[in-house]
Amino acid sequence: MSNSIVASNRPLWRDYLELCKPKVVALMLLTSLIGMLLATPGLVPLDIIILGNLGIALCAGSAAAVNHLVDRHIDLKMRRTHNRPIAKGRVGPQQALIFAFAIGLLGMAILLFFINALTAWLTLASLLGYALVYTLFLKRATPQNIVIGGIAGAAPPLLGWTAVTNSIDGHGLLLVLIIFAWTPPHFWALAVHRKDDYAKADIPMLPVTHGERYTKLHILLYTIILCIVTLLPYLTGMFNWLYLLGAVVLGGGFIYWSVVMLIGKNEKAPMETFKYSIIYLMALFVVMLLDHYLLPLNPILG
């Protein structure tokens, strides 16, 4: 009887997977993979694709687990996060810390020994930026937390790029700039939807400190900045007309939802904008990939 009780209290593998924020990591891996593929006109060696993305994923999962650990008291106060493994006690703080350290160390070892040191150290900087600088300090210190801390989450395409080239290139940095500009309107849309939760948890998100109207205006302004930034890869010769078409159409959709939010007649607009922002980023990077491989090889398209 006692054994069954102990067994039922053990954290399931799903709880440890949830600590890693798999959906967020999956989006990061898409951008890191495409960063790898864009870094060279040819094919990327399979071992770099597999081991590079595995190392990046493990380090990202480690940072996510630390985020769960640090925010466990806040998570209990928010509807979106109150059922997280540490907040609910399904995983203990010490277990989570050991897990985060273990997978982070494994990810760093993979990158150091099988990829290159530059990618490993950049990944570590990104991990520490999110897990410590953003989660421990910025999130609680300023309504500009997501703007300043966004650079840590914008690193994956550059990590993919350096995994292949072992160098930092201007085009790789443009990919970082795109995600950096995308992060505020993406996250603020969710923050508007969950404003009451953040207020209850005493987190100074922009809609809590400055109001919804102010935040919605800034979502529109940052979306316009994002659309301008996404033109740079075309203007610098990184991509061709297919990318330009995709960036303009997708950006138009983002601006549309930002305006719908600002008008304020659609109560579902904040969450719809948040969902569209995810589709936007995925689609934009897929269009990059199509442009990269199709146009140089196809004289009709070119």
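Let's start with disulfides, meaning pairs of cysteine sulfur atoms within 2.5 Å. This structure holds zero of them. Cys20 is in no disulfide; the nearest cysteine sulfur, that of Cys59, is 11 Å away. That is too far for a bond. Cys20 is buried, at 14% relative accessible area. Buried here means under 20%, with a 1.4 Å probe and protein chains only. Cys59 is buried too, at 1%.

A word on the source. This is a predicted model: local features need pLDDT of at least 70, side-chain atom pairs count only at pLDDT 80 or more, and totals for chains, interfaces and linings use all residues. Residues are numbered from 1 along each chain as its sequence is written, and side-chain values use heavy atoms, with hydrogens and water left out.

Next, helix H7, residues 117–141. Helices are DSSP runs of H or I, at least four residues, numbered from the N terminus. At the N-terminal end, Asn116 caps H7, with a side-chain oxygen 3.3 Å from the backbone nitrogen of Leu118. Where does H7 bend? At Tyr134, by about 55°. That bend is the angle between axes fitted to the seven residues ending there and the seven starting there. Tyr134 is also among the buried residues of H7, which include Thr119 and Leu138. What do these buried residues pack against? Helices H4, H6, H8, H9 and H10.

Last, Met78. Met78 sits in the loop between H5 and H6. Met78 counts as buried, at 4% relative accessibility. Leaving out residues up to four places away in sequence, Met78 touches Asp197, Tyr198 and Ala201. Contact means heavy atoms within 4.5 Å. From Met78 to Thr119 is 35 Å, C-alpha to C-alpha.

Key: Helix = DSSP H or I, 4+ residues; strand = E, 2+ residues; numbered from the N terminus. Buried < 20%, exposed > 50% of the residue type's maximum accessible area, 1.4 Å probe, protein only. Polar contact = N/O pair within 3.5 Å; in protein donor to acceptor, adjacent residues only side chain to side chain.
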